[in-house]
Every structure is written in C-alpha cells, then in structure tokens.
Protein chains: 2
Amino acid sequence: MLELAILGLLQEAPMHGYELRKELATKLGTLRAAISYGTLYPTLKRLKLAGWISEAETSSDIIPPMTSKRGRVVYKITAEGKERFADLLTQTGPETYDDAGFGVHFTFFSRTDRATRLRILEGRRRRVEERREGLREVLARAADRLDAYTLELQRHGLDACEREVRWLEELITNERSGRTPAFRNRAEITPEPPRPQSDRP
Amino acid sequence: MLELAILGLLQEAPMHGYELRKELATKLGTLRAAISYGTLYPTLKRLKLAGWISEAETSSDIIPPMTSKRGRVVYKITAEGKERFADLLTQTGPETYDDAGFGVHFTFFSRTDRATRLRILEGRRRRVEERREGLREVLARAADRLDAYTLELQRHGLDACEREVRWLEELITNERSGRTPAFRNRAEITPEPPRPQSDRP
DNA sequence: TTGCGATGTATCGGGCCGATACATCGGGAC
DNA sequence: GTCCCGATGTATCGGCCCGATACATCGCAA
C-alpha cells in the first residue's frame, strides 16, 4: 500500500524522503499520523531497485525550498512506475478493502475511472457490512457472556460501521449519478470542478 | 498487545490456540476480524518460554467440547503470568492509546481500578483530539491543494474523531461519577451489575 | 466412498513500526 | 560570539503481526 502511495505522490512531483513523509501525512492523514522512516527508506530503495522510481539530479534542479545541497536524495517516477501505479490503482484484492488499502485507493480516486471507483466502494461496503453483521451477532448472541465495558466497545464499533456504510451508500449513489463527491454543502469548502480523468497513461 | 489479550483470556479459563483465536475474535471484534495464526502460535511459544503460561495436562481435563485427544495443546496462565497481566494492564505507554492498544485495555477495564481507567480514557481522548486537530488544520489550510475525494476522506475522518471524542467524554463523565458504562438505555441490553474489582490478586 | 468443511498446530517471507544513530542548518539565549 | 536546540535529512535494526502455506484428523453428507 505504501508503494501505491509513494508512486501516486511522485507522479505529482519529484520529492525526497522527508518531503514524501510530510505529504503522506497530510494527504493520508485519515489513515495514520505519519509513515515511519523505518518503512519509508527501505521502500524507496526497493522501488528504485524495481525500476519504478529513479534518483533525480541533485544539482539545483526541481526543489527550491531548502538552500543547500546536503545528502538529500530526490526521487522521480519512471515510465514503468506510472504503469505500475495505474495497475496497482485498478487491481483489487482483499487488502484493497481494509482501512489502509481503501484509504490509499480513495485518495487517488480522481485518477481512476468510474467503474473502478464503484467496484472499490462496493467492495469496501461489503467488507464493513460483514464486520457490522459480526458485531450484531455478538451483541445478540453473546451479550450475557460479556461485561459492560466490552459491550460498550462493541456498540461503539457497531455504530462506526453503520455510519461508514451510510457514508459509502451516499458516495455510491453520487458516483452512479455522475456527481463529484463535493456533495455536502459545507461553507468552508469551495467545490472543485471535476478533474479530467487520466485513464492509464 | 496480543500478549495482554492472551493473558487476559487465559485468566478466565485454560484454552488452546484455536479456541483462543475465536474468543479473541468475539471479545475484541471491534479491533480486527481475527488474530492470525502466524502471530498466535509464535506468541504462545514466547509466553510459555517467558514463564507466563504453561501447558495444561492434555488428558481429559478441563475442556469437554471436543471429543478426542488430537494434538491439541491447552495452555493455562501461571502465577507470574497473572502478575504480568496486571502490570501490562496498568502500565501505559504511547501504544496504549492507539486503536489496538486502547481496544485491548478497554476490553479488560472491569479488571482494573478506576484511576487506571480514567488515565487511559483521558490519554486516548488526547490522542484522538490531536488527530482531530491535525485534520482540521489540513482542511483549513490545504483545502485548495487537495481534490474533492481526498477532502471527502478527511471530512469523514474528522467526523469519526469528533464522534469518538464525544463518546470518550461520556465515558469519562460516567467514570468520574462512579457509574458503570451501561448508561445508554438500549432495549436489547440488560445492564449488568457492576463487577467487584479484583485489584492485582 | 469420497471428499469437503471444521478443527487443529506450525513455519516462512515480508510489511510496517519504534528506537536509534548520525549529520547539517538556522535562529534565539546568554 | 558562541552554544545549544529544534527542524531537516538519511539510514539501520529488532520485533510484531499478517497472509500464504503445509500438514493432519474428524464428522457428515452426497
């Protein structure tokens, strides 16, 4: 999943590790506080080895913000990397539907086609519904075996599931009717015009 | 965290791996679907090596449900294990406040004292509030940099944070006033009488 | 009788995390 | 002036946990 995230961010602009981590934190802020360096740097190495990314010239090229040339390593995505990104974004496996996988895919929804978006949204809905049913089962069947705290936790979990399913339903409906997800009218958000789809470059 | 969970369950009754996994799934259903065997069995081995648990006699001893004596390995908690459990339950570190850690601690709240419960609830609240503030920051500052889907994801995440904080506030209030958490009147749940506290046997 | 699903234990490779180490830079304290 | 701290930056290591896989038995149904 981190692979998909890195490829996605590098498609927007070349970056070095530290930057990547900060971008990851704001764009995928819903998922985790920040990615660990102990994951990030080995992954970058792996992606470079696989040929999906490569080091950009460290001269005074793309990134202005920092003044001097310390040991920064700026990465950019390769042509094969773009292909890989498109594949990862479109392919769906079981991991696509758990929290992390779904979050990353959702973040890059504007770079995919409507069919893929619907498939992923519906898969996620199925996943959350299963979890919800499991919790209902427990609350119905095993309620007398469990203490008050455990029950309260299960109820809170059930609540969250129901809420997410409703959210997903809304998104699915909107997706089917061809609308962009800026459907809640909130004052603080100026709705963006729908982006042109780039279907696998 | 799995260590705490296993110790907690074995304190209720001796069990073998397969059972442990099922119990884990129902009691901690909020956290994950089920624990993986690839984690469970090595952990059992580790706990046994550490002396927190030991193998129970495989004769026809404690567990009646299954009829015959296949290669089942039944574990029970040791005296040192009980001590270890109480320590783990009371000690709080940063991991105590992320999803998994908080969930496991919460599940065993009825086996701890009110002061510890309050400390953990407040720590978790602080954690979720931080996350919430982070999301608000992003939505306020970087909204124009992000596309509609990413924004929607962040809003959904923010929503979940706000909801959890409210839930925690409620729990904290109840805890302070000495009530048990069965405070929501829901028809399907018969409120249990508060359990007697066993403070570190 | 054949085979399938539940029960049951166990290992292996890999992803991700937290802790740690090391190094440079800018700015505020003194 | 200089000294130290916090932000920037790259990198490794041990450890937890997961999914895939292997292997074996039992009860039941086609």
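In chain A, 3 strands form an open, antiparallel sheet in the order β1-β3-β2; two strands are taken to pair if DSSP finds at least two bridges between them. Because β1 (15-16) and β2 (53-55) of chain A stand at the edges with a single partner strand each, one side of each is left without a neighbour in the sheet. The pairing of β1(A) with strand β3 (residues 74-77) of chain A is antiparallel and rests on 2 bridges, and His16(A) stands opposite Val74(A) in β3(A). Helix α1 (residues 2-12) of chain A packs on this sheet, where it touches β1, β2 and β3 of chain A, and its direction makes about 90° with that of β3(A).

The model is a predicted one, in which local features need pLDDT of at least 70 and side-chain atom pairs count only at pLDDT 80 or more, whereas totals for chains, interfaces and linings use all residues. Residues are numbered from 1 along each chain as its sequence is written, and chains are lettered from A and ligands numbered from 1 in the order in which they are written.

Taken as a whole, chain A has 7 helices and 3 strands; helices (H or I, at least four residues) and strands (E, at least two) are DSSP runs, numbered from the N terminus. Along the sequence, these elements of chain A follow the pattern α-β-α-α-β-β-α-α-α-α. Of its 201 residues, 34% count as buried, a residue being buried if 20 or more other C-beta atoms, placed from the backbone, lie within 10 Å of its own. Among the contacts in chain A with a separation of 6 or more, 63% are accounted for by residues 24 or more positions apart; two residues are in contact if their C-beta atoms, placed from the backbone, lie within 7 Å.

Strand β1 (residues 15-16) of chain B pairs with strand β3 (residues 74-77) of chain B in the antiparallel sense over 2 bridges, and the bridge partner of His16(B) in β3(B) is Val74(B). Strand β2 (residues 53-55) of chain B is joined to β3(B) by 3 bridges, again in antiparallel fashion; here Glu55(B) has Tyr75(B) as its bridge partner.

The axes of helix α1 (residues 2-12) and helix α3 (residues 37-50) of chain B come within 11 Å and cross at roughly 75°. Such axes are lines fitted to C-alpha atoms, for helices over the stretch in contact, and angles run from 0 to 180 degrees between N-to-C directions.

The same surface serves both copies, since 100% of the contact residues of chain B recur in chain A.

At the interface, 32 residues of chain B are in contact with 32 residues of chain A. On the chain B side, α2 (17-27), α5 (99-107), α6 (114-141) and α7 (148-176) each supply at least two residues, and α7(B) gives the most, with 11 residues.

Notes: A residue is buried if 20 or more other C-beta atoms lie within 10 Å of its own, exposed if 12 or fewer, and partly exposed in between; C-beta atoms are placed from the backbone.
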